[in-house]
Amino acid sequence: MNGRFATGILGTGSCLPDKRLTNHDLEKIVETSDEWILQRTGIRERRVLEEGVPAAELAETAARKAMARAGIEPGSLDLIIAATITPDSLTPSMACSIQARIGAVNASAFDLNAACTGFIYALHVAQQYIATGAAAQVLVVAVEGLSRVTDWQDRKTCVLFGDGAGAVVLGRVEDGTGVLASMTGAAGEQGGCLTLPAFHMTDTDREVRPHGKTQTIWMDGSEVFAFASRTMADSVRKVLEKAELSVEDLDWIFPHQANMRILQNAQKRLKFPMDRIYSNLEFTGNMSSASIPVCLDEAVEKSLLKKGDLLALVAFGGGLTYGATAIRWSMD
Ligand code: UT7
């Protein structure tokens with residue numbers, strides 16, 4: 001156990017927008033094909049927020065589901081962490097908007113930006129609060145409206161991303177269950193591989209955005225691909241080592257959903273069965289921080305997870321950042 005109190009997931013929730021954008025829809029927008037997208041990424045469709053709908057709406061629904069599943073009232077939450085790179089506004093933060101929407105009047109609230117690794121970082125932070133006794137119940141919501149920062153003229157990125165929200169409620173669990181170990185890291189010197197400017201544009205930022213859009217994602221896909229393939233397997237190994245466990249002990253891997261070929265590379269490096277690497281990429285695309293908690297909630301809905309199962313959650317992304325969590329499932 002890391003600290004005085006063992007910390008585990010008490011409830012999960014998720015929410016995706018209703019609107020689907022298929023590869024065939026994208027064929028009408030940019031020069032691409034269903035075949036190329038499917039073969040190179042594994043994505044068939046993604047969900048996008050309707051114009052005028054705040055991402056906080058998805059976050060609220062996901063949060064309410066997680067609280068209902070955990071049997072927890074909003075008033076008993078001590079802390080809300082929202083992992084996001086696409087908040088509706090910088091202030092109020094997404095976490096404060098969620099707090100207001102659900103009426104979590106006793107909670108502190110803040111946003112955390114670690115891009116696609118945001119959920120892993122947020123779990124790690126939440127666990128420190130709970131383990132030390134600073135908080136008893138924490139809501140982590142990972143929510144993204146990536147369609148709002150997508151350059152719909154750039155075929156290299158617009159086929160990849162989707163919108164959605166996933167949430168978990170964390171609290172004290174039996175010793176020996178819950179979060180067993182976490183690791184997080186960053187490679188800021190490679191940050192230029194994946195950029196989304198906010199209030200300052202460099203000359204490079206302008207050069208790589210020939211369509212004149214300023215707040216859009218730009219990515220050197222193959223650089224990020226190489227980083228991801230390497231760090232995903234390494235992070236799983238490192239977090240298991242910290243927990244004094246090995247790949248053979250794992251029941252499931254819940255990876256960040258960016259590209260099916262990245263998952264296949266990790267599978268080969270770790271020699272772990274592909275059918276135990278959870279993926280919903282085909283129907284959601286890359287939802288950045290929201291990918292892992294949405295997958296967890298789907299797995300709970302499908303009754304795939306048993307109490308006592310050992311899971312590795314693992315992500316990489318903008319920053320560049322990476323991280324993993326080893327968790328002994330504690331929900332019935
Ligand atoms: O969440 C964390 C951040 N994101 C990621 O982890 C993504 C990591 N990277 C990737 O998933 C892949 O690098 C991509 C899917 C982005 C790109 O796949 P790739 O196999 O690395 O393709 P590429 O960038 O090397 O491009 C190969 C060709 C190029 O054409 P030329 O220059 O060889 O003629 C591209 O212009 O494919 C072309 N291309 C496309 N063709 C049709 C790029 N995007 C498309 C497209 N449709 N959408």
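Glu-60, Arg-64 and Arg-101 are joined in a network of salt bridges. A salt bridge here is a side-chain nitrogen of Lys or Arg within 4 Å of a carboxyl oxygen of Asp or Glu. Side chains of opposite charge can pair when their charged atoms come close.

A word on the model before we go on. It is predicted, so local features need pLDDT of at least 70 and side-chain atom pairs count only at pLDDT 80 or more, while totals for chains, interfaces and linings use all residues. Residues are numbered from 1 along each chain as its sequence is written, and side-chain values use heavy atoms, with hydrogens and water left out.

Glu-60 forms a salt bridge with Arg-101, and their closest N and O atoms are 2.8 Å apart. Where do the two residues sit? Glu-60 is in helix H3 and Arg-101 is in helix H4, so to speak distant parts of the chain, 41 residues apart. Helices (H or I, at least four residues) and strands (E, at least two) are DSSP runs, numbered from the N terminus. Is Glu-60 buried or exposed? Glu-60 counts as buried, at 17% relative accessibility. Arg-101 is partly exposed, with a relative accessible area of 30%. The cut-offs: buried means under 20% relative accessible area, exposed means over 50%, and partly exposed lies in between (1.4 Å probe, protein chains only).

Now the two helices themselves. Two packed helices are described by the angle between their axes and the distance between the axes. H3 covers residues 55-70, and H4 covers residues 94-102. They pack at an angle of about 60 degrees, with their axes 9 Å apart. Axes are lines fitted to C-alpha atoms, for helices over the stretch in contact, and angles run from 0 to 180 degrees between N-to-C directions. H3 and H4 are therefore oblique to each other. On this scale, angles under 35 degrees count as roughly parallel, over 145 as roughly antiparallel, 65 to 115 as roughly perpendicular, and the rest as oblique.

Which residues meet? From H3 come Ala-55, Ala-56, Glu-57, Ala-59, Glu-60, Ala-63, Arg-64 and Met-67. From H4 come Met-94, Ser-97, Ile-98, Arg-101 and Ile-102. Contact means heavy atoms within 4.5 Å. By class, the contact has eight nonpolar, one polar and four charged residues. Ala, Val, Leu, Ile, Met, Phe, Trp, Tyr, Cys and Pro count as nonpolar; Asp, Glu, Lys and Arg count as charged; the others, Gly among them, count as polar.

Stay with H4. Its buried residues include Met-94, Ser-97, Ile-98 and Ile-102. The buried residues of H4 pack against H3, strand E4 (79-83), strand E5 (108-112) and strand E6 (138-145). Just after H4, Gly-103 takes a positive phi of about 75 degrees. In the loop between E4 and H4 we find Pro-92. The peptide bond from Thr-91 to Pro-92 is cis, with omega near 0 degrees.

Next, other salt bridges. How many does a search of the whole structure find? The search finds 13. One of them joins the side chains of Arg-44 and Glu-282, at 2.6 Å, N to O. Arg-44 is in the loop between helix H2 (34-41) and strand E3 (45-47), and Glu-282 is in helix H10 (residues 281-284), 238 residues apart. Arg-44 is partly exposed, at 39%. Glu-282 is partly exposed too, at 28%.

Glu-174 and Lys-307 also meet in a salt bridge, at 3.7 Å, N to O. Glu-174 is exposed, with a relative accessible area of 52%. Lys-307 is partly exposed, at 43%.

Last stop: two positive phi values outside glycine. Glu-244 has a positive phi of about 55 degrees. Glu-244 is in the loop between H8 and strand E11 (252-255), and counts as exposed at 74% relative accessibility. Ser-288 has a phi near 50 degrees. Ser-288 is in the loop between H10 and H11, and counts as buried at 3%.
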